[in-house]
Amino acid sequence: MRAAIWAEVVKLAFSTVGRVGSAAIVVGISVLSGSLLLAAATTHDPQLLAKLGPVAAGDWQGFLLGAAQVSGAGGLGGSAVVLAWMFGREFGDGTISGLFALPVRRSTIALAKLTVYLMWAVVMSVLLAIALAVVGTIAGLGQIDAHTWVMLERQWALGVMSAAITLPVAWAATLSRSVLGGVSVAIGLVIVAQVSVLAGLGGWMPLAAPALWAISLGTAVSPVQLALLIPFGAVFTTLTALSWRRMQLDR
Amino acid sequence: MTAALAVERASRAFKNGAGIFDISLELKPGQIVALVGLNGAGKSTLMRVMLGMLRVQSGEVLLNGHPLASAPLTDWAKVGHLVEYPLAYPELTARRNLELSARLRGVSDIAGAVDRVLAEFALEQYATRRVRALSLGNRQRVGVAAALQHDPAVIVLDEPTNALDPAGVIRLRESLLRRAGDGAAVLVSSHHLDEVARIADRIVVMNRGRLIDDLDPAIPEIERAFFEIVRRDDEKANR
(Lines give C-alpha, C1' and ligand atoms only; values in the text may rest on other atoms or scores of the structure.)
Protein backbone atom coordinates (compact mmCIF):
# COMPACT_ATOMS: atom_id res chain seq x y z
CA MET A 1 0.00 0.00 0.00
CA ARG A 2 2.86 2.40 0.85
CA ALA A 3 4.37 2.07 -2.63
CA ALA A 4 1.02 2.72 -4.27
CA ILE A 5 0.37 5.76 -2.06
CA TRP A 6 3.85 7.12 -2.85
CA ALA A 7 3.17 6.68 -6.56
CA GLU A 8 -0.16 8.49 -6.37
CA VAL A 9 1.28 11.36 -4.32
CA VAL A 10 4.05 11.87 -6.87
CA LYS A 11 1.66 11.75 -9.82
CA LEU A 12 -0.74 14.26 -8.26
CA ALA A 13 1.99 16.59 -7.00
CA PHE A 14 3.68 16.93 -10.38
CA SER A 15 0.56 17.09 -12.51
CA THR A 16 -0.92 20.19 -14.08
CA VAL A 17 -4.41 19.06 -13.05
CA GLY A 18 -3.32 18.73 -9.42
CA ARG A 19 -1.72 22.17 -9.36
CA VAL A 20 -4.52 23.94 -11.22
CA GLY A 21 -7.18 22.14 -9.15
CA SER A 22 -5.43 23.10 -5.91
CA ALA A 23 -5.10 26.73 -7.00
CA ALA A 24 -8.71 26.86 -8.19
CA ILE A 25 -9.97 25.63 -4.84
CA VAL A 26 -7.74 27.66 -2.51
CA VAL A 27 -7.09 30.84 -4.49
CA GLY A 28 -10.22 30.76 -6.64
CA ILE A 29 -12.73 30.36 -3.81
CA SER A 30 -11.00 32.83 -1.49
CA VAL A 31 -10.65 35.47 -4.25
CA LEU A 32 -14.27 34.97 -5.32
CA SER A 33 -15.48 35.24 -1.73
CA GLY A 34 -13.33 38.35 -1.22
CA SER A 35 -14.80 39.86 -4.38
CA LEU A 36 -18.31 39.33 -3.03
CA LEU A 37 -17.24 41.09 0.16
CA LEU A 38 -15.76 43.98 -1.84
CA ALA A 39 -18.91 44.25 -3.92
CA ALA A 40 -21.04 44.41 -0.77
CA ALA A 41 -18.82 47.10 0.73
CA THR A 42 -18.78 49.33 -2.35
CA THR A 43 -22.35 49.14 -3.70
CA HIS A 44 -25.47 51.00 -2.65
CA ASP A 45 -27.68 49.08 -5.09
CA PRO A 46 -30.32 47.35 -2.94
CA GLN A 47 -30.95 44.71 -5.59
CA LEU A 48 -27.27 43.73 -5.71
CA LEU A 49 -27.07 43.71 -1.91
CA ALA A 50 -30.08 41.40 -1.83
CA LYS A 51 -28.39 39.05 -4.31
CA LEU A 52 -25.23 38.98 -2.20
CA GLY A 53 -27.30 37.50 0.63
CA PRO A 54 -25.42 37.00 3.89
CA VAL A 55 -22.23 38.60 2.48
CA ALA A 56 -24.04 41.96 2.45
CA ALA A 57 -23.78 42.04 6.24
CA GLY A 58 -20.08 42.79 5.83
CA ASP A 59 -18.97 40.73 8.82
CA TRP A 60 -17.12 37.45 9.39
CA GLN A 61 -20.30 35.39 9.54
CA GLY A 62 -21.67 36.80 6.29
CA PHE A 63 -18.30 36.43 4.56
CA LEU A 64 -17.84 32.80 5.61
CA LEU A 65 -21.44 31.90 4.78
CA GLY A 66 -20.81 33.30 1.31
CA ALA A 67 -17.61 31.26 1.08
CA ALA A 68 -19.53 28.15 2.11
CA GLN A 69 -22.05 28.74 -0.66
CA VAL A 70 -19.29 29.17 -3.23
CA SER A 71 -17.34 26.12 -2.08
CA GLY A 72 -20.52 24.03 -1.74
CA ALA A 73 -20.78 23.95 -5.53
CA GLY A 74 -17.42 25.22 -6.85
CA GLY A 75 -15.27 23.26 -4.43
CA LEU A 76 -17.23 20.11 -5.09
CA GLY A 77 -16.80 20.56 -8.84
CA GLY A 78 -13.07 21.30 -8.56
CA SER A 79 -12.43 18.31 -6.32
CA ALA A 80 -14.43 16.05 -8.60
CA VAL A 81 -12.38 17.05 -11.65
CA VAL A 82 -9.17 16.13 -9.82
CA LEU A 83 -10.64 12.78 -8.79
CA ALA A 84 -11.91 12.07 -12.31
CA TRP A 85 -8.42 12.79 -13.64
CA MET A 86 -6.69 10.56 -11.05
CA PHE A 87 -8.67 7.56 -12.24
CA GLY A 88 -9.48 8.37 -15.87
CA ARG A 89 -5.96 9.41 -16.87
CA GLU A 90 -4.64 5.86 -16.51
CA PHE A 91 -6.89 4.86 -19.39
CA GLY A 92 -6.34 8.00 -21.45
CA ASP A 93 -2.55 7.80 -21.13
CA GLY A 94 -2.54 4.03 -21.65
CA THR A 95 -0.64 3.49 -18.39
CA ILE A 96 -3.34 1.13 -17.12
CA SER A 97 -1.65 -1.84 -18.83
CA GLY A 98 1.45 -1.16 -16.73
CA LEU A 99 -0.64 -1.42 -13.56
CA PHE A 100 -1.36 -5.10 -14.25
CA ALA A 101 1.03 -7.93 -13.44
CA LEU A 102 2.49 -6.13 -10.43
CA PRO A 103 3.06 -7.28 -6.85
CA VAL A 104 0.57 -4.57 -5.85
CA ARG A 105 -3.08 -5.50 -6.36
CA ARG A 106 -5.13 -3.20 -8.55
CA SER A 107 -7.70 -2.82 -5.79
CA THR A 108 -4.84 -1.57 -3.59
CA ILE A 109 -3.89 0.95 -6.28
CA ALA A 110 -7.50 2.17 -6.43
CA LEU A 111 -7.65 2.50 -2.63
CA ALA A 112 -4.31 4.35 -2.70
CA LYS A 113 -5.75 6.79 -5.23
CA LEU A 114 -8.77 7.43 -2.99
CA THR A 115 -6.56 7.78 0.10
CA VAL A 116 -4.31 10.33 -1.61
CA TYR A 117 -7.36 12.18 -2.94
CA LEU A 118 -8.86 12.48 0.55
CA MET A 119 -5.46 13.52 1.98
CA TRP A 120 -5.27 16.18 -0.71
CA ALA A 121 -8.80 17.34 0.13
CA VAL A 122 -7.90 17.65 3.82
CA VAL A 123 -4.83 19.76 2.98
CA MET A 124 -6.74 21.93 0.48
CA SER A 125 -9.49 22.51 3.05
CA VAL A 126 -6.95 23.63 5.65
CA LEU A 127 -5.30 25.97 3.13
CA LEU A 128 -8.68 27.36 2.05
CA ALA A 129 -9.68 28.07 5.66
CA ILE A 130 -6.36 29.85 6.21
CA ALA A 131 -6.74 31.81 2.95
CA LEU A 132 -10.27 32.89 3.92
CA ALA A 133 -9.02 34.02 7.33
CA VAL A 134 -6.30 36.08 5.62
CA VAL A 135 -8.73 37.58 3.07
CA GLY A 136 -11.25 38.49 5.83
CA THR A 137 -8.52 40.06 7.95
CA ILE A 138 -7.18 42.09 5.01
CA ALA A 139 -10.74 43.19 4.23
CA GLY A 140 -10.96 44.65 7.72
CA LEU A 141 -13.50 42.29 9.25
CA GLY A 142 -11.74 42.57 12.58
CA GLN A 143 -10.34 40.02 14.97
CA ILE A 144 -11.21 36.35 14.65
CA ASP A 145 -13.36 35.50 17.66
CA ALA A 146 -14.47 32.09 18.92
CA HIS A 147 -17.58 32.05 16.73
CA THR A 148 -15.50 32.79 13.64
CA TRP A 149 -13.07 29.97 14.53
CA VAL A 150 -16.02 27.59 14.67
CA MET A 151 -17.13 28.80 11.24
CA LEU A 152 -13.64 28.32 9.84
CA GLU A 153 -13.58 24.81 11.24
CA ARG A 154 -16.98 24.22 9.63
CA GLN A 155 -15.58 25.50 6.33
CA TRP A 156 -12.74 23.00 6.62
CA ALA A 157 -15.18 20.19 7.35
CA LEU A 158 -17.30 21.26 4.38
CA GLY A 159 -14.26 20.89 2.10
CA VAL A 160 -13.50 17.40 3.37
CA MET A 161 -17.13 16.27 3.19
CA SER A 162 -17.50 17.75 -0.30
CA ALA A 163 -14.58 15.57 -1.36
CA ALA A 164 -16.26 12.55 0.20
CA ILE A 165 -19.48 13.03 -1.75
CA THR A 166 -17.56 13.08 -5.04
CA LEU A 167 -16.44 9.44 -4.60
CA PRO A 168 -18.96 8.18 -7.22
CA VAL A 169 -16.81 10.08 -9.73
CA ALA A 170 -13.95 7.59 -9.20
CA TRP A 171 -16.26 4.71 -10.00
CA ALA A 172 -17.70 6.51 -13.03
CA ALA A 173 -14.22 7.32 -14.42
CA THR A 174 -13.32 3.64 -13.93
CA LEU A 175 -16.42 2.27 -15.65
CA SER A 176 -16.27 4.79 -18.50
CA ARG A 177 -12.47 4.50 -18.66
CA SER A 178 -12.15 8.21 -19.21
CA VAL A 179 -11.69 11.49 -17.40
CA LEU A 180 -14.69 12.88 -19.25
CA GLY A 181 -16.98 10.16 -17.93
CA GLY A 182 -16.01 11.09 -14.39
CA VAL A 183 -16.44 14.82 -15.04
CA SER A 184 -19.90 14.18 -16.52
CA VAL A 185 -20.95 12.40 -13.36
CA ALA A 186 -19.47 15.26 -11.28
CA ILE A 187 -21.73 17.72 -13.08
CA GLY A 188 -24.62 15.34 -12.45
CA LEU A 189 -23.78 15.24 -8.73
CA VAL A 190 -23.91 19.04 -8.47
CA ILE A 191 -27.27 19.11 -10.25
CA VAL A 192 -28.72 16.31 -8.11
CA ALA A 193 -27.56 18.11 -4.97
CA GLN A 194 -29.27 21.34 -6.02
CA VAL A 195 -32.48 19.63 -7.11
CA SER A 196 -32.69 17.54 -3.95
CA VAL A 197 -32.52 20.72 -1.84
CA LEU A 198 -35.30 22.31 -3.91
CA ALA A 199 -37.31 19.08 -3.59
CA GLY A 200 -37.07 19.29 0.19
CA LEU A 201 -34.89 16.20 0.70
CA GLY A 202 -32.33 18.42 2.40
CA GLY A 203 -30.16 16.75 4.99
CA TRP A 204 -31.24 13.23 4.09
CA MET A 205 -29.53 13.54 0.71
CA PRO A 206 -25.78 12.97 1.29
CA LEU A 207 -24.92 15.02 -1.80
CA ALA A 208 -26.59 18.12 -0.34
CA ALA A 209 -26.11 17.61 3.40
CA PRO A 210 -22.57 19.10 3.81
CA ALA A 211 -23.36 22.43 2.11
CA LEU A 212 -26.73 22.71 3.88
CA TRP A 213 -25.03 21.99 7.18
CA ALA A 214 -22.40 24.67 6.65
CA ILE A 215 -24.78 27.32 5.32
CA SER A 216 -27.29 26.79 8.15
CA LEU A 217 -24.52 27.09 10.76
CA GLY A 218 -25.08 23.44 11.58
CA THR A 219 -28.78 23.77 12.43
CA ALA A 220 -30.50 22.35 9.34
CA VAL A 221 -28.71 19.00 9.24
CA SER A 222 -28.55 16.54 12.13
CA PRO A 223 -25.46 14.49 13.05
CA VAL A 224 -27.30 11.36 11.91
CA GLN A 225 -27.92 12.90 8.50
CA LEU A 226 -24.26 13.90 8.22
CA ALA A 227 -23.23 10.39 9.30
CA LEU A 228 -24.94 9.03 6.18
CA LEU A 229 -21.86 10.24 4.32
CA ILE A 230 -19.93 7.32 5.82
CA PRO A 231 -21.97 4.49 4.23
CA PHE A 232 -22.33 6.61 1.07
CA GLY A 233 -18.55 6.92 0.76
CA ALA A 234 -17.97 3.31 1.79
CA VAL A 235 -20.32 2.00 -0.92
CA PHE A 236 -18.58 3.89 -3.72
CA THR A 237 -15.12 3.11 -2.35
CA THR A 238 -16.00 -0.59 -2.36
CA LEU A 239 -17.52 -0.43 -5.84
CA THR A 240 -14.43 1.33 -7.20
CA ALA A 241 -12.00 -1.12 -5.57
CA LEU A 242 -14.03 -4.09 -6.85
CA SER A 243 -14.13 -2.65 -10.37
CA TRP A 244 -10.34 -2.29 -10.35
CA ARG A 245 -9.92 -5.79 -8.99
CA ARG A 246 -12.18 -7.34 -11.63
CA MET A 247 -10.95 -5.12 -14.46
CA GLN A 248 -10.07 -6.53 -17.86
CA LEU A 249 -8.54 -4.62 -20.75
CA ASP A 250 -11.21 -5.81 -23.13
CA ARG A 251 -12.09 -2.52 -24.78
CA MET B 1 11.32 -28.06 -15.26
CA THR B 2 8.22 -25.99 -14.40
CA ALA B 3 7.51 -23.36 -17.00
CA ALA B 4 7.90 -19.82 -15.69
CA LEU B 5 4.75 -18.85 -17.53
CA ALA B 6 2.48 -21.30 -19.31
CA VAL B 7 -0.71 -21.10 -21.31
CA GLU B 8 -2.71 -24.32 -21.50
CA ARG B 9 -5.41 -24.63 -24.14
CA ALA B 10 -6.49 -21.05 -23.56
CA SER B 11 -9.27 -19.37 -25.50
CA ARG B 12 -10.60 -15.87 -25.27
CA ALA B 13 -12.99 -14.62 -27.97
CA PHE B 14 -14.38 -11.15 -28.50
CA LYS B 15 -17.85 -10.32 -29.78
CA ASN B 16 -16.46 -9.46 -33.23
CA GLY B 17 -15.10 -12.96 -33.62
CA ALA B 18 -11.46 -12.06 -33.01
CA GLY B 19 -9.48 -13.46 -30.11
CA ILE B 20 -7.24 -16.39 -29.34
CA PHE B 21 -8.29 -20.00 -29.64
CA ASP B 22 -7.01 -23.14 -27.97
CA ILE B 23 -3.50 -21.84 -27.45
CA SER B 24 -0.80 -23.65 -25.51
CA LEU B 25 2.60 -22.07 -24.97
CA GLU B 26 5.33 -22.42 -22.38
CA LEU B 27 8.04 -19.94 -21.41
CA LYS B 28 10.98 -21.72 -19.86
CA PRO B 29 13.78 -20.13 -17.83
CA GLY B 30 16.70 -19.08 -20.03
CA GLN B 31 14.66 -19.25 -23.22
CA ILE B 32 13.67 -16.42 -25.57
CA VAL B 33 10.44 -17.10 -27.44
CA ALA B 34 9.48 -14.73 -30.25
CA LEU B 35 5.86 -14.34 -31.26
CA VAL B 36 5.39 -13.25 -34.84
CA GLY B 37 2.29 -12.63 -36.90
CA LEU B 38 0.51 -10.11 -39.04
CA ASN B 39 -1.48 -7.25 -37.55
CA GLY B 40 -4.61 -8.59 -35.87
CA ALA B 41 -3.19 -12.10 -35.54
CA GLY B 42 -3.84 -12.05 -31.77
CA LYS B 43 -0.31 -11.45 -30.42
CA SER B 44 -1.29 -8.62 -28.07
CA THR B 45 -4.40 -10.50 -26.94
CA LEU B 46 -2.29 -13.53 -26.08
CA MET B 47 0.14 -11.37 -24.11
CA ARG B 48 -2.73 -9.68 -22.27
CA VAL B 49 -4.12 -13.10 -21.37
CA MET B 50 -0.70 -14.22 -20.13
CA LEU B 51 -0.42 -11.14 -17.88
CA GLY B 52 -3.94 -11.29 -16.45
CA MET B 53 -5.22 -8.28 -18.37
CA LEU B 54 -7.83 -10.53 -19.95
CA ARG B 55 -9.36 -13.63 -18.39
CA VAL B 56 -9.59 -16.80 -20.42
CA GLN B 57 -12.98 -18.31 -21.28
CA SER B 58 -11.46 -21.76 -21.31
CA GLY B 59 -8.06 -23.15 -20.52
CA GLU B 60 -5.60 -21.85 -18.00
CA VAL B 61 -2.60 -19.56 -17.54
CA LEU B 62 -0.01 -20.53 -14.93
CA LEU B 63 2.69 -18.35 -13.38
CA ASN B 64 5.34 -20.59 -11.82
CA GLY B 65 2.69 -23.31 -11.68
CA HIS B 66 0.06 -21.11 -10.00
CA PRO B 67 -3.15 -20.06 -11.77
CA LEU B 68 -2.83 -16.32 -12.42
CA ALA B 69 -5.72 -15.40 -10.13
CA SER B 70 -4.03 -17.03 -7.15
CA ALA B 71 -0.36 -16.45 -8.03
CA PRO B 72 1.59 -15.11 -5.04
CA LEU B 73 2.55 -11.42 -5.13
CA THR B 74 6.19 -12.49 -4.75
CA ASP B 75 5.90 -14.20 -8.14
CA TRP B 76 4.38 -11.09 -9.72
CA ALA B 77 7.33 -9.09 -8.37
CA LYS B 78 9.55 -11.08 -10.74
CA VAL B 79 7.52 -10.26 -13.84
CA GLY B 80 8.47 -7.43 -16.19
CA HIS B 81 6.22 -6.39 -19.04
CA LEU B 82 5.48 -3.76 -21.62
CA VAL B 83 2.26 -4.22 -23.55
CA GLU B 84 1.21 -1.48 -25.96
CA TYR B 85 1.91 1.61 -23.81
CA PRO B 86 4.97 2.13 -21.59
CA LEU B 87 4.36 2.72 -17.88
CA ALA B 88 5.68 6.26 -18.17
CA TYR B 89 3.72 9.22 -16.86
CA PRO B 90 4.21 12.33 -19.01
CA GLU B 91 4.32 14.77 -16.08
CA LEU B 92 7.19 12.90 -14.37
CA THR B 93 10.86 12.81 -15.31
CA ALA B 94 12.38 9.64 -16.71
CA ARG B 95 14.14 9.00 -13.38
CA ARG B 96 10.99 9.58 -11.34
CA ASN B 97 9.06 7.22 -13.61
CA LEU B 98 11.67 4.52 -13.10
CA GLU B 99 11.60 5.09 -9.32
CA LEU B 100 7.82 4.76 -9.39
CA SER B 101 7.98 1.54 -11.33
CA ALA B 102 10.71 0.14 -9.06
CA ARG B 103 8.70 0.95 -5.92
CA LEU B 104 5.59 -0.71 -7.28
CA ARG B 105 7.68 -3.82 -7.94
CA GLY B 106 9.18 -3.86 -4.47
CA VAL B 107 12.80 -3.16 -5.48
CA SER B 108 14.95 -2.65 -2.36
CA ASP B 109 17.86 -0.64 -3.83
CA ILE B 110 15.81 1.74 -5.94
CA ALA B 111 18.51 4.34 -6.63
CA GLY B 112 20.98 1.63 -7.66
CA ALA B 113 18.49 -0.13 -9.92
CA VAL B 114 17.47 3.13 -11.60
CA ASP B 115 21.08 4.22 -12.16
CA ARG B 116 21.96 0.85 -13.67
CA VAL B 117 19.04 0.76 -16.07
CA LEU B 118 19.53 4.41 -17.10
CA ALA B 119 23.08 3.48 -18.09
CA GLU B 120 22.00 0.22 -19.75
CA PHE B 121 19.61 2.05 -22.08
CA ALA B 122 21.72 5.22 -22.47
CA LEU B 123 19.08 7.35 -20.78
CA GLU B 124 21.34 9.28 -18.37
CA GLN B 125 21.13 12.53 -20.34
CA TYR B 126 17.32 12.33 -20.31
CA ALA B 127 16.99 11.32 -16.65
CA THR B 128 15.84 14.73 -15.43
CA ARG B 129 13.60 15.49 -18.40
CA ARG B 130 9.87 15.02 -18.20
CA VAL B 131 8.67 12.12 -20.30
CA ARG B 132 6.27 14.36 -22.19
CA ALA B 133 9.31 16.23 -23.54
CA LEU B 134 11.04 13.07 -24.80
CA SER B 135 10.90 11.71 -28.31
CA LEU B 136 8.71 8.69 -28.96
CA GLY B 137 11.79 6.47 -29.12
CA ASN B 138 13.18 7.67 -25.81
CA ARG B 139 9.74 7.31 -24.21
CA GLN B 140 9.80 3.70 -25.40
CA ARG B 141 13.27 3.28 -23.90
CA VAL B 142 11.94 4.51 -20.56
CA GLY B 143 9.09 1.99 -20.81
CA VAL B 144 11.45 -0.87 -21.64
CA ALA B 145 13.78 0.20 -18.82
CA ALA B 146 10.83 0.28 -16.38
CA ALA B 147 9.92 -3.26 -17.42
CA LEU B 148 13.43 -4.63 -16.97
CA GLN B 149 15.09 -2.69 -14.14
CA HIS B 150 14.05 -5.11 -11.39
CA ASP B 151 15.76 -8.04 -13.17
CA PRO B 152 12.55 -9.99 -13.76
CA ALA B 153 12.52 -13.76 -14.11
CA VAL B 154 9.64 -13.51 -16.60
CA ILE B 155 9.74 -10.87 -19.34
CA VAL B 156 6.84 -10.16 -21.71
CA LEU B 157 7.38 -7.40 -24.26
CA ASP B 158 4.91 -6.51 -26.99
CA GLU B 159 6.74 -5.06 -29.98
CA PRO B 160 9.38 -3.41 -27.78
CA THR B 161 11.44 -2.17 -30.73
CA ASN B 162 8.60 0.12 -31.85
CA ALA B 163 10.00 3.63 -32.32
CA LEU B 164 13.47 2.57 -31.14
CA ASP B 165 16.44 3.76 -33.20
CA PRO B 166 19.06 1.18 -34.30
CA ALA B 167 21.17 1.91 -31.22
CA GLY B 168 18.17 1.31 -28.99
CA VAL B 169 17.38 -1.94 -30.80
CA ILE B 170 20.92 -3.20 -30.23
CA ARG B 171 20.83 -2.26 -26.54
CA LEU B 172 17.52 -4.05 -26.11
CA ARG B 173 18.83 -7.11 -27.95
CA GLU B 174 21.91 -7.29 -25.74
CA SER B 175 19.84 -6.73 -22.62
CA LEU B 176 17.43 -9.56 -23.45
CA LEU B 177 20.24 -11.96 -24.37
CA ARG B 178 22.03 -11.21 -21.10
CA ARG B 179 18.86 -11.61 -19.05
CA ALA B 180 17.95 -14.88 -20.75
CA GLY B 181 21.53 -16.01 -20.11
CA ASP B 182 20.93 -15.25 -16.43
CA GLY B 183 17.85 -17.48 -16.49
CA ALA B 184 14.96 -15.19 -17.41
CA ALA B 185 12.09 -16.54 -19.50
CA VAL B 186 11.39 -14.10 -22.30
CA LEU B 187 8.45 -13.65 -24.65
CA VAL B 188 8.78 -10.92 -27.25
CA SER B 189 6.54 -10.06 -30.16
CA SER B 190 7.80 -8.26 -33.23
CA HIS B 191 7.21 -7.58 -36.89
CA HIS B 192 10.95 -7.57 -37.53
CA LEU B 193 11.68 -11.20 -38.35
CA ASP B 194 15.39 -10.66 -38.97
CA GLU B 195 15.65 -8.96 -35.60
CA VAL B 196 13.94 -11.70 -33.60
CA ALA B 197 15.85 -14.37 -35.50
CA ARG B 198 19.03 -12.97 -33.95
CA ILE B 199 17.90 -13.50 -30.38
CA ALA B 200 15.10 -16.06 -30.27
CA ASP B 201 15.55 -19.69 -29.30
CA ARG B 202 12.12 -20.36 -30.68
CA ILE B 203 9.93 -18.40 -33.11
CA VAL B 204 6.21 -19.07 -32.93
CA VAL B 205 3.93 -17.99 -35.77
CA MET B 206 0.46 -16.76 -34.92
CA ASN B 207 -2.39 -16.32 -37.37
CA ARG B 208 -6.11 -15.77 -36.87
CA GLY B 209 -5.81 -16.23 -33.11
CA ARG B 210 -3.97 -19.55 -33.28
CA LEU B 211 -0.37 -20.68 -32.99
CA ILE B 212 0.07 -22.31 -36.36
CA ASP B 213 3.72 -23.28 -36.61
CA ASP B 214 7.30 -22.69 -35.50
CA LEU B 215 9.97 -20.98 -37.57
CA ASP B 216 13.56 -22.08 -37.36
CA PRO B 217 15.55 -18.97 -36.33
CA ALA B 218 18.50 -20.21 -38.40
CA ILE B 219 16.54 -20.57 -41.62
CA PRO B 220 17.70 -18.36 -44.52
CA GLU B 221 15.06 -16.05 -46.01
CA ILE B 222 12.97 -16.20 -42.87
CA GLU B 223 10.42 -13.69 -44.17
CA ARG B 224 9.63 -15.89 -47.16
CA ALA B 225 9.18 -18.89 -44.86
CA PHE B 226 6.91 -16.86 -42.57
CA PHE B 227 4.65 -15.70 -45.37
CA GLU B 228 4.45 -19.24 -46.74
CA ILE B 229 3.26 -20.57 -43.37
CA VAL B 230 0.65 -17.81 -43.08
CA ARG B 231 -0.51 -18.31 -46.67
CA ARG B 232 -0.98 -22.03 -46.14
CA ASP B 233 -2.97 -21.38 -42.97
CA ASP B 234 -5.19 -18.80 -44.69
CA GLU B 235 -5.83 -21.18 -47.57
CA LYS B 236 -6.75 -23.94 -45.15
CA ALA B 237 -9.20 -21.61 -43.42
CA ASN B 238 -10.79 -20.51 -46.67
CA ARG B 239 -11.36 -24.03 -47.90
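## The sheet of chain B

Two strands pair if DSSP finds at least two bridges between them. With that in mind, look at chain B of this predicted model. Here 6 strands form an open sheet, and their order is β6-β7-β8-β3-β9-β10. The pairing in this sheet is mixed. At the edges stand β6 (79–82) and β10 (210–215) of chain B; each has a single partner strand, so one side of each is left without a neighbour in the sheet. On average, neighbouring strands of the sheet are turned by 15° against each other, direction ignored.

Now pick out one pair of strands. Strand β3 (residues 32–37) and strand β8 (residues 185–189) of chain B pair in the parallel sense, over 4 bridges.

Which strands does helix α6 of chain B touch? This helix (residues 166–181) packs on the sheet and touches β3, β7 (154–158) and β8 of chain B. Its direction makes about 150° with that of β8(B).

Helix α8 (residues 222–238) of chain B lies across β3, β9 (202–207) and β10 of chain B. Relative to β10(B), helix α8 of chain B runs at about 145°.

## A helix with two sides in chain A

Next, turn to helix α11 (residues 229–246) of chain A, which has 18 residues. From its first C-alpha to its last it reaches 26 Å, close to the 26 Å expected at 1.5 Å a residue. Which residues of α11(A) are buried? They are A:Gly233, A:Phe236, A:Thr240, A:Ala241 and A:Trp244. These residues cover an arc of only 135° around the axis, which puts them on the same side of α11(A).

The other side of α11(A) has exposed residues: A:Pro231, A:Ala234 and A:Arg246. And what covers the buried residues? The cover includes α5 (106–138), α6 (146–165) and α7 (168–176) of chain A.

## Where the chains meet

How many residues does each chain bring to the contact? Chain A gives 22 residues and chain B gives 26 residues. On the side of chain A that touches chain B, the largest share comes from helix α1 (residues 2–13) of chain A, with 6 residues. The residues on that side of chain A divide into 12 nonpolar, 7 polar and 3 charged.

A:Gln61 lies in helix α4 (residues 60–92) of chain A. Is A:Gln61 buried, exposed or partly exposed? A residue is buried if 20 or more other C-beta atoms lie within 10 Å of its own, exposed if 12 or fewer, and partly exposed in between. A:Gln61 has 15 C-beta neighbours inside 10 Å, so it counts as partly exposed. A:Gln61 and A:Leu141 are 80 residues apart in sequence, and their C-alpha atoms are 9.7 Å apart in space.

In chain B, B:Asp22 lies in strand β2 (residues 19–27). Its phi is near 50°, a positive value in a residue other than glycine. B:Asp22 has 13 C-beta neighbours inside 10 Å and therefore counts as partly exposed. B:Asn64 is not a glycine, yet it has a positive phi of about 50°. You will find B:Asn64 in the loop between β4 (58–63) and β5 (66–67) of chain B. Because B:Asn64 has 19 C-beta neighbours inside 10 Å, it counts as partly exposed.

Key. Residues numbered from 1 in each chain as written. Chains lettered and ligands numbered in written order. Predicted model: local features only at pLDDT ≥ 70, side-chain atom pairs only at ≥ 80, totals over all residues. Axes fitted to C-alpha atoms, helices over the stretch in contact; angles between N-to-C directions. Contact = placed C-beta atoms within 7 Å. Expected span 1.5 Å × (residues − 1). Arc of directions from axis to C-beta. Nonpolar A, V, L, I, M, F, W, Y, C, P; charged D, E, K, R; others polar.
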